[in-house]
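Thanks for making the time, everyone. I would like to take you through one interface and one ligand site, so please have the structure open.

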Amino acid sequence: MGYSIAEEKIFNSGHAACPGCSEALAIRYIVNTLGRDTIAVVPPSCIAIISGPQPYSSMRIPVYQTTLESSAASAAGIKRALKAKGNDHTKVVVIAGDGGTYDIGFQALSSAAERNEDFIYVCLDNEGYMNTGAQKSSSTPYLAYTTSTPSGKPTPKKNLAEIMAAHGIPYVATATTGYPDDLARKVARARELKGMRFILVLTPCLDGWGLADNAGPKTSRLAVESGIFPLYEVEDGVRYTLNYGSKGIPVGAYFSQQSRFKHLAQAQLDEIQTMVDVNWRRLQTKF
Amino acid sequence: MRKEHTRLLLNGNHAVAYGVRLAQAKVIPVYPITPQTPIVEKISEFQARGEMEVELMTAESEHSAMSACITASLTGVRVFTATASQGLMLMHEMLHYASGARTPIVMANVNRTIGSPWGFWPDQTDSLAQRDTGWIQYYCEHGQESLDTVLQAYRVAEQALLPAMVVHEAFYVSHALEAVEVPDQTIADRYLPPFDPPHRLDPEIGESWGNTVNQDMFHRHRHDLGQAMERVPGLAREADAEYKKLTGRGYGIIEQYRCDGAKLVLATMGSMAGTAREAADQLRSAGVAVGLLKVKLFRPFPTEDVRKALQGVPKVMVLDRNFAPGTGGFLHQELKAALYGMENAPSVHGYLAGVGGTNVSPANILELAQAALTEGPAANSVWKG
Ligand SMILES: Cc1ncc(C[n+]2csc(CCOP(=O)(O)OP(=O)(O)O)c2C)c(N)n1
Ligand code: SF4
Ligand SMILES: [Mg+2]
């Protein structure tokens, strides 16, 4: 894409993420791109742990740690107050997990989107409640093992990017840590816009997915190349742009990196492959 | 003489809205619920007419409204919201979060029964059930008091850095029309300095809030919160006295009415105080020495003031329009606790009267007073209609 990452050093080393964690990598590109004039909202999640325990902070910006379901409302409150004070420059960003976004925080998120509140919401999607021990969320993929779905999740992943696009907000994008320049560019793009901006970042979790310490970026790229997690942008709910899509790699290649799918039989793999192909074809009609 | 107030015919909820306008709250996240809605409607009207510069955020729930109140306050602006009943219940988690974050939010709560089953009736259980959330709580008897208390609540809340709830009851106060004196803006401005907290969410300051703390920090944080609460009775007395100097109206944190030489004191909160005052007058006219103790500040409980007020009184009859199954009336519980260990403490009769919004007339109170004068006190609250 030819985007060169311009980083301001906001995110620091020494934080408490598992070594090799994709969430930490994502946070780096998000806050370092947004810069110093930013206030972050973080709900309970691995992100909160990475943010640091009092009196430490891994980010050189104010971070407000809110309750699990309140991120979007909390961000709206900050932005409204800044506006009331005549401050039109400070940016507000939510960095929340999939549990805090797809599930318990969805009501507040949808409402903030409907009101077109002026902040950036980034969901770091590791497809489960990792902070509490890798339970399922509504983002967990079909048949994946989690500690609350030991025989595999019986229903598919919720398609949140499309749900957010259906709100007609100025900007929706998907991204993942295996494509850092694409992620940083999308954050920079969101930074220039006004109103509600939503970025869904797939962040492979070592512990919850059963990955080798160094497998995060590779797994992230395979998610895109297999067509499971295409990278695209949607402006105003209608203008779709594809950035990176399927390269026809079988889903089995993506799954083989992870222990959460190791129980799958060939028939189940085939079923998932069909679902992925159908979804990819349906998405392609939008570009 | 310069005009210092305007006299208007207002219901209790509209009176609250005028109080909020005078306080110049800047961010107001809200969600509608009967019987709170006229408060927000009036504020929206002020905004539409250009009489109030405010960010009104129409949240999708009270939980989100309170969440936004907390962060707006932490960002350094004066905030307000209003709710009732189910709305307050939904906020519960964030009520604790607000006091933990030391945000001086002022919220009006219009007392309404909590489901199930559904009802719309005046009953104070909703706000009283939030007594342990770290919020200051004021109970008001009429619209004028609610307006005045909104201004006092901001002053005290911002000094103590604690959130404050201004409470009045459904319909009896919220929808009853009365003549209300609305102070001039200049008076309100003299009373309430601008809100400009040194600690706030601001990239130029760089401070964060909410990070995980260790046990020792948590311990100190709770202790600090407790100490802030302990300052509130003094701050509230001072705020009331200052308000009286400017407007001629003061209420005290408790009110003693005709308590001199009383052999029985009626203790209650909110609109019931008006009815009990009437009953006390009638009893006094009939030669029975009965007085009234109105508890206006319920959290923190004004233990010292109450003890002083009841020194030498042989009997207290508590009227609770609220009910906690398993313990009884909230004021009854709190009053017993406040009087515990006091020398020559009065005997305390706790009567559940008006629970669920049933009407309690002065005549009913006369009957109850007769019962209290003849009966011995029961340990638990007694149902009296
Ligand atoms: C109201 C509430 N319920 C439950 C919890 C416990 N809890 C903390 S983090 C978490 C899961 C978060 O999952 P996600 O948002 O996906 O973040 P991750 O840990 O995966 O980064 C849960 C359930 C909570 N903090 N608050
Ligand atoms: S559990 Fe997963 S998301 Fe959490 S810090 Fe470890 S690798 Fe990162
Ligand atoms: Mg997660």
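How many residue pairs are in polar contact between chain B and chain A? The count is 18 residue pairs, both residues at pLDDT 80 or more, where a polar contact is a pair of N or O atoms within 3.5 Å, and within protein one must be able to donate a hydrogen and the other to accept it, with residues adjacent in sequence counting only if both atoms are side-chain atoms. This is a predicted model, in which local features need pLDDT of at least 70, side-chain atom pairs count only at pLDDT 80 or more, and totals for chains, interfaces and linings use all residues. Residues are numbered from 1 along each chain as its sequence is written, chains are lettered from A and ligands numbered from 1 in the order written, and side-chain values use heavy atoms, leaving out hydrogens and water.

Staying with the interface, the rule finds two salt bridges across it, each a side-chain nitrogen of Lys or Arg within 4 Å of a carboxyl oxygen of Asp or Glu. One of them joins Glu55(B) to Lys83(A), with the closest N and O atoms 3.3 Å apart.

Turning to ligand 1, residues from chains A and B surround it, so the site is shared between chains; there are 18 such residues, counted when a heavy atom lies within 4 Å. Oxygen atoms of ligand 1 lie 3.0 Å from a backbone N or O atom of Cys46(A), and 3.0 Å from a side-chain N or O atom of Asn126(A). For Met130(A), a backbone N or O atom is likewise 3.0 Å from a ligand 1 oxygen.
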